[in-house]
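This briefing covers a ligand and the pockets of one protein. Look over the sequence and the structure before reading the points below.

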Amino acid sequence: MLPLQFASNILAQAPTWTDKEVIGTVVSVAVALASLFGIAIKFATGATRRRALKAERERQELLNELERLKTLVATSSLEDVKQQLAEARQEAEKHLKAAEGLKSSLDDVQAAVDQHQADLGTERRRIQRALNKDGQTWNEKVLSSAPDFKALDPEGRCMPVISVLNLKGGVGKTTITANLGAALDALGYRVLLIDLDLQGSLTGLYLSENEQSKLDEESHLLADFLASSFGAESPNLLDYVRAVLPDGKSALVPTTDNLAYAETNLTIRWLLREEGNRDPRFLLMKELQLKRITNQYDIVLLDCPPIINVCCVNALAASDYLLIPILPSKQATSRVPVLLKRLKEFRDNINAELKIMGILANRTQRSELTYSEENRLTALRNECKDVWGTDVPLFDTFIRQSAEIRAAEDEHRPLQPDNETFPIFEELAREVVSRLPTFCHASTSPERSAKGVTS
Ligand SMILES: Nc1ncnc2c1ncn2[C@@H]1O[C@H](COP(=O)(O)OP(=O)(O)OP(=O)(O)O)[C@@H](O)[C@H]1O
Ligand SMILES: [Mg+2]
């Protein structure tokens, strides 16, 4: 449009020109316009060509890009995908493995829960059984893993263990243990006395209150030995003995009323199976069979409590013999067959080697038995044989009522050789020795005793 506008402007501005001039101008303008059109066309063609070229270039580029993309998809991208797939598979496998591990852990946990539930069921049944037994837990069957009792043997253990036992209280168990121990010591025996009664009467008979408190503080009591022995610490009983009697060859394992707590603790731990299959009934027996004890002592006397508890059962499990003190009264003797019935059950279950050494009458009225005392003892002997199955011997010796016994007790000591009643215990000691196998003898010579012994 610009050249036409230019031409009309010229025509409008030259009204005075001649025709030649006008024609010349018009031709010139026409030529100019043609040139302009030519240029414009030329330009237009060049731009179109450039656009076409550009378009062609772009098309080519696109084709190239397409080729490149094709190649990319065909080669490197596929590899990438493959790589990614492989990585994804690896990742998935890892998770699968972790899941499997988790599943197996869950299985383990489930198995543990099942086991605990089964254990709990066993414990429940066990406690229920104990309850059904009216507290007669001690008759529970002994597992085959329990330690063996080795009987007295000239080639093995020559140290007899004697329990002084009666479930009736106050019949003289402690008095007899203490004074028989002193008499055996006087005969040359190295005596080990063990106080198994939580009343601690035997300990009180040998040691002052101060000495007892000191041992308590130092944890040197029977309760401490039993607790650590049940805890599988293998304590040495010799660390708990306290030398007693003049030349110190005999000793006492002392007890205070703390034993009551230890008893309860041991019983509960056993019922709950806290120590696996460990059985608290054999702690003392195991120890008393060891050479370190049998080399050190010639005879062991156990002062038992008047109840069947963990200590009493330990005594029964560890003993070769029972010495049963009785009072020759009707009321006291009537309980003896009942005691033997119980002991028979223990013999059958816990210690097949348990023998009754004899029944010993204590606190008789005089030096000789009265007619009624003698009759009562004879009747008792017959009743005992019926229950026990074999003859139950009576000791020929009997201990008469004596004020000296109480007096000595008040002074925290057993009877001494200058006491009038002491020879009775020496006589008893001789009778005890006579009922032992001959290889169970004193290891020291009884020089001291020769002075005071009445044969
Ligand atoms: N022969 C006796 N003469 C005088 N008193 C005696 C005689 N025997 C025992 N005693 C006294 O009888 C009481 C009870 O004796 P002891 O403590 O020995 O009996 P126990 O059977 O051990 O009793 P527990 O069942 O309580 O353990 C004591 O005070 C003791 O001094
Ligand atoms: Mg007692």
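**Ligand 1 and the two largest pockets**

A polar side-chain atom of T175 lies 2.5 Å from an oxygen atom of ligand 1. The model is predicted. The space that ligand 1 takes up is the largest pocket.

**Polar contacts of ligand 1**

- The side chain of N362 has a polar atom 3.0 Å from a nitrogen atom of ligand 1.
- In the side chain of R406, an N or O atom is 3.1 Å from an oxygen atom of ligand 1.
- On its own, ligand 1 has 620 Å² of accessible area, and the protein covers 88% of this area.

**The shell around ligand 1**

- There are 19 residues around ligand 1, and those that come nearest are K173, T174, T175, R363 and E409.
- Four elements each supply at least two residues of this shell: the helices α4 (173–186) and α15 (403–410), and the strands β7 (355–364) and β8 (399–400).
- Sorted by class, the shell around ligand 1 consists of nine polar, six charged and four nonpolar residues.

**The largest pocket**

- The largest pocket, where ligand 1 sits, holds about 570 Å³ of space.
- It is lined by 26 residues, of which G170, G172, T174, T175 and E409 are the closest to its centre.
- At least two lining residues of the largest pocket come from each of α4, α5 (201–206), α6 (209–217), β7 and α15.
- Helix α15 provides the largest share of this lining, four residues.
- The lining of the largest pocket has 14 polar, seven charged and five nonpolar residues.

**The second largest pocket**

- About 220 Å³ of space lies in the second largest pocket.
- Its lining is made up of 13 residues, and L369, E374, L377, L394 and F395 are the closest to the centre.
- Strand β7 and helix α14 (371–388) each supply at least two residues of the lining of the second largest pocket.
- Helix α14 gives the most to this lining, with four residues.
- By class, eight residues lining the second largest pocket are nonpolar, three are charged and two are polar.

- Strand β7 supplies at least two residues to the shell around ligand 1, to the lining of the largest pocket and to the lining of the second largest pocket.
- T174, T175 and E409 are among the residues that come nearest to ligand 1, and they are also among the closest to the centre of the largest pocket.

Notes
Residues are numbered from 1 along each chain as its sequence is written. Chains are lettered from A and ligands numbered from 1 in the order in which they are written. This is a predicted model: local features need pLDDT of at least 70, side-chain atom pairs count only at pLDDT 80 or more; totals for chains, interfaces and linings use all residues. Side-chain values use heavy atoms; hydrogens and water are left out. A residue is near a molecule or strand if one of its heavy atoms lies within 4 Å of it. A polar contact is a pair of N or O atoms within 3.5 Å; within protein, one must be able to donate a hydrogen and the other to accept it, and residues adjacent in sequence count only if both atoms are side-chain atoms. Accessible areas come from the Shrake-Rupley method with a 1.4 Å probe; for residues, only the protein chains shown count as cover. On a 1 Å grid over the protein atoms alone, a cavity is a set of points where a 1.4 Å probe fits but cannot get out, and a pocket is an open set with protein on both sides within 12 Å along at least five of seven lines; lining residues have an atom within 4 Å of a point. A molecule sits in a cavity or pocket if more than half of its atoms lie within 2 Å of its grid points. Ala, Val, Leu, Ile, Met, Phe, Trp, Tyr, Cys and Pro count as nonpolar, Asp, Glu, Lys and Arg as charged, and the others, Gly among them, as polar. Grid points are joined across faces, edges and corners, and a volume is the space filled by probe spheres set on the points.
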